[in-house]
Amino acid sequence: MITKPKGTYDVIESDALKLQKINRVIEYYCEFYNYDFIRTPIFESRDLFHRTVGEETDIVSKETYDFKDRSDRDLTLRPEGTAGVVRSFIENKMYGSNMPRKLFYNGTMYRYERPGNGRNREFTQFGVEILGSNDPIVDAEVISMPYRLFEELGFKDLNVKLNNLGSKEDRENYKTALKEYLNPHLEELCEDCKRRFNTNPLRILDCKVDNDSEVLKNVPSILDYQSEESQKRFKKVLEYLNYLDIDYEVDDKIVRGLDYYDYTVFEIVSSAEVLGGASTIAAGGRYNNLVEKLGGPSTPCIGFASGLERIMLAMDEFETTKKRPLNCYIMYINEEEKIKALTLAQDLRLSGVAVDYDTTGRSLKSQFKEADRMHAELLVILNSEDLKKGLITVKDNMTKEEVKIDENEIIDYIISNG
RNA sequence: GCGGAAUUGGUGAAGUGGUUAACACGCCGGAUUGUGGCUCCGGUAUGCGUGGGUUCGAUCCCCACAUUUCGCCCCA
């Protein structure tokens with residue numbers, strides 16, 4: 001038997017219903033918040049991700065699907081959505097007009113990592129990007145929009161954790177201070193952190209191993225190393241979040257895994273138990289230098305990404321999503337009735353009625369069961385004797401009341417009663 | 001990439017080194033010769049993740065691999 005590749009999964013049955021619901025909610029929230037849909041390629045040139053996400057990050061250094069096509073081009077399956085959107089923004093010269101640009105995407109991403117609960121190699125993210133505004137009000141919107149959207153999907157007890165990484169200069173100052181502080185304590189840190197000390201000292205802050213150690217408890221806060229302007233800006237973000245009634249918590253230990261972030265970074269965390277260690281359902285931040293770095297004009301931007309698989313997992317804890325009921329189920333036994341079922345079904349469907357009928361030749365009894373499984377509202381029971389008189393039986397599956405309708409009025413009857 | 005656990009029909013699962021792999025749900029058929037959801041009867045794994053090995057004999061013991069899962073790393 002051929003099985004699915006490791007870390008992939010099929011979306012079927014109740015998962016399919018959940019995913020459809022999520023996609024519907026995303027569609028209309030993005031419409032209300034006035035974001036335009038964008039779809040970018042699932043693979044891009046390898047350089048795009050190496051330059052944006054960061055050569056040193058785990059995502060790029062050990063998780064990308066890199067391959068060469070038949071003409072020897074170096075390509076990479078996208079591990080995240082922002083790089084492609086920014087590339088498209090520049091390539092299509094969107095900065096020329098209609099700024100800021102508010103875009104949303106929803107598609108599959110690929111990372112070669114160990115699969116587990118809420119982690120897959122092919123996974124789906126939706127996200128938004130606002131390109132061309134540095135107003136803190138935009139930060140508040142990008143945080144509050146997914147927050148409200150998740151509430152709509154049934155999430156409760158959501159928490160936003162956010163931090164201010166400041167400008168590149170602020171961060172360099174902080175890194176220096178951090179290393180100065182940590183240097184005498186190096187031996188007390190875990191092996192990973194010793195390595196990070198040189199490669200990416202900021203990541204030591206959210207190390208789980210050393211989390212409780214005295215060393216990290218007294219570590220200097222990045223918030224104390226911000227320029228006055230950066231601090232003022234962050235305060236405004238928090239102020240706007242207060243007005244929007246968003247439950248947040250400033251966490252100066254939050255740093256993100258992608259190199260391009262600066263100023264505001266945030267995570268939205270759910271307390272749903274099924275999520276286990278995958279409780280972050282959305283995360284993002286500001287990236288004011290990325291567009292310029294990729295060759296576009298200096299453009300301040302902010303965005304977030306959210307993993308749909310994790311949302312689907314958590315939805316189990318809320319409510320079961322039900323399949324939409326079928327308007328009408330047609331039953332028949334013999335060939336004459338079957339042909340009537342075939343044509344009547346087509347006529348009804350073209351009139352906007354959701355219709356189905358049996359195609360496995362099972363007993364009438366089983367057809368009733370099947371109709372119930374599909375939650376059919378009306379049952380059309382074809383009978384050769386009645387058909388000869390031009391009559392068709394329609395039974396209301398709720399009241400169990402049965403009427404015989406003239407063949408010529410059947411469609412109107414079903415439309416007005418279904 | 002590192003460590004632990006799991007893998008038996010459509011589903012939930014019991015089970016044993018030895019002829020037909022429990023039970024329940026579901027599904028199909030029948031009783032009810034064309035009006036269901038209750039009840040009763042019958043059917044429903046040539047098969048116990050895959051490949052080797054030990055054995056007279058393996059679903060059960062051993063090894064490898066795959067997949068899933070928990071923790072680490074990392075992350076949505």
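Me: Before we get to the sheet, when do two strands count as paired here?
Reply: Two strands pair if DSSP finds at least two bridges between them. Keep in mind that this is a predicted model.

Me: Okay, so which strands form the open sheet, and in what order?
Reply: There are eight strands, running β1-β5-β6-β11-β10-β9-β7-β8, and the pairing is mixed.

Me: Which ones are the edge strands?
Reply: Those are β1 (36-37) and β8 (248-250), each pairing on one side only.

Me: How do β9 and β10 pair, parallel or antiparallel?
Reply: Antiparallel: β9 (residues 262-269) and β10 (residues 280-286) are joined over six bridges. As an example, Ile268 has Ala282 in β10 as its bridge partner.

Me: Which helix packs on that sheet?
Reply: That's α5, which touches β6 (122-131), β7 (159-164), β9, β10 and β11 (301-307). The direction of α5 makes about 15 degrees with that of β11.

Me: Switching topic, how many residues are in the largest nonpolar core?
Reply: It has 71, and Val142, Phe150 and Ile311 have the most contacts inside it. Helix α5 (residues 136-152) gives the most to this core, with eight residues.

Me: What does Val142 touch?
Reply: Leaving out residues up to four places away in sequence, Val142 touches Val128, Ile130, Gly284, Ile302, Gly303 and Phe304.

Me: Last one: what's the radius of gyration of chain A?
Reply: Chain A has 28 Å, while a compact globule of 418 residues would have one near 22 Å. The C-alpha atoms fill a box of roughly 95 × 50 × 50 Å along the principal axes.

How values were computed:
Residues are numbered from 1 along each chain as its sequence is written. Chains are lettered from A and ligands numbered from 1 in the order in which they are written. This is a predicted model: local features need pLDDT of at least 70, side-chain atom pairs count only at pLDDT 80 or more; totals for chains, interfaces and linings use all residues. A nonpolar core is a set of buried Ala, Val, Leu, Ile, Met, Phe, Trp, Tyr and Cys residues joined through C-beta atoms within 7 Å. A residue is buried if 20 or more other C-beta atoms lie within 10 Å of its own, exposed if 12 or fewer, and partly exposed in between; C-beta atoms are placed from the backbone. Helices (H or I, at least four residues) and strands (E, at least two) are DSSP runs, numbered from the N terminus. Two residues are in contact if their C-beta atoms, placed from the backbone, lie within 7 Å. The radius of gyration is taken over C-alpha atoms; the globule rule is 2.2 Å times the number of residues to the power 0.38. Axes are lines fitted to C-alpha atoms, for helices over the stretch in contact, and angles run from 0 to 180 degrees between N-to-C directions.
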